[in-house]
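Keep the 3D view open and find each residue as you read.

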Amino acid sequence: MKDNKGFSLIELIIVVGIMTVLCALIAPNLMKYLGITKKKADDISREEISKIMYRACGQIGIKVEDAPYDTWIELNEECDLYKPSEANGNSTRSFGGYVASELRKIPKSKVTGDYFQVKITKNAEGDFTVEVK
């Protein structure tokens, strides 16, 4: 009598087939869930950037006139809104220095992979509006 201790080829093919069908059923839902998660992460990043910009606009001792107004600016290492070299602890630091000290690292969009863009608008009363996209 023969003593087989392994699986037959047919059994392995059946198991692989079942696993393939399960993966095919799960993959679309998983991709949809990952897309939703990336959008939520981008929303959180936009909200954080917006709060930091509003705080920078309202800080006493920050030179707000340094901030560029009424134009979309990509928030990256070379922009005027982010200056790590000016992120010192004194009260006369620049707008970009304040943003760099609060933000620390510039986030990128999880959906597109691009940097976020920021637009700061100042109305006649001196109130600021910050948009992030």
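Aspartate 43 has a relative accessibility of 45%, which puts it in the partly exposed class. This is a predicted model, so the class comes from the limits used here: under 20% is buried and over 50% is exposed. The partner of aspartate 43 is arginine 46, and the two form a salt bridge whose closest N and O atoms are 2.8 Å apart.

**Salt bridges**

- Side chains of opposite charge can pair when their charged atoms come close.
- How many salt bridges does the count come to? The count comes to three.
- Arginine 46 and aspartate 43 are both part of helix α1, which covers residues 9–58. They are three residues apart there, or about one turn of the helix.
- Arginine 46 is partly exposed as well, because its relative accessibility is 26%.
- Another salt bridge joins the side chains of lysine 51 and glutamate 47, with 3.3 Å from N to O.
- Lysine 51 and glutamate 47 are about one helical turn from each other, because they sit four residues apart in helix α1.
- Lysine 51 counts as partly exposed at 46% relative accessibility, and glutamate 47 counts as partly exposed at 46%.
- Glutamate 102 makes a salt bridge with arginine 55, and their closest N and O atoms are 3.2 Å apart.
- Which helices do glutamate 102 and arginine 55 lie in? Glutamate 102 belongs to helix α2 (residues 95–103) and arginine 55 to helix α1, so this pair ties together parts that are 47 residues apart in sequence.
- Glutamate 102 is partly exposed, with a relative accessible area of 28%, and arginine 55 is partly exposed at 37%.

**A nonpolar patch on the surface**

- A group of nonpolar residues forms a patch on the surface, including Ile10, Val21, Leu30, Met31 and Tyr33. Together the residues of the patch have about 1100 Å² of accessible area.
- Take leucine 30 as an example: this residue is found in helix α1. Leucine 30 is partly exposed, at 43% relative accessibility.

**Rings and charges**

- How many aromatic pairs does the structure hold? The number is zero.
- Two lysines do sit over rings, and you can look for each one. The charged end of lysine 108 is placed over the ring of tyrosine 115, at 4.8 Å from the ring's centre.
- Over the face of tryptophan 72 lies lysine 133, 4.5 Å from the ring centre.

**The sheet**

- Three strands make an open sheet in the order β1-β2-β3, and their pairing is antiparallel.
- Why is one side of β1 and of β3 left without a neighbour in the sheet? Strands β1 (73–74) and β3 (128–132) are at the edges and each has a single partner strand, so one side of each has no neighbour there.
- Strand β1 is joined to β2 (residues 117–122) by two bridges. Here glutamate 74 stands opposite glutamine 117 in β2.
- Five bridges connect β2 with β3. One example is valine 118, whose bridge partner in β3 is valine 132.
- Side chains alternate along β3: Phe128, Val130 and Val132 point to one face and are buried.

How values were computed:
Residues numbered from 1 in each chain as written. Predicted model: local features only at pLDDT ≥ 70, side-chain atom pairs only at ≥ 80, totals over all residues. Heavy atoms only, no water. Salt bridge = Lys/Arg side-chain N within 4 Å of Asp/Glu carboxyl O. Buried < 20%, exposed > 50% of the residue type's maximum accessible area, 1.4 Å probe, protein only. Patch = residues over 30% accessible without salt bridge, like charges linked within 9 Å, V, L, I, M, F, W, Y side chains within 5 Å. Areas by Shrake-Rupley, 256 points an atom, 1.4 Å probe, with all protein chains shown as cover. Phe/Tyr/Trp six-rings, centres within 6.5 Å; stacked < 30°, edge-to-face > 60°. Lys NZ or Arg CZ within 6 Å of the ring centre and 35° of its normal. Pairing = 2+ DSSP bridges.
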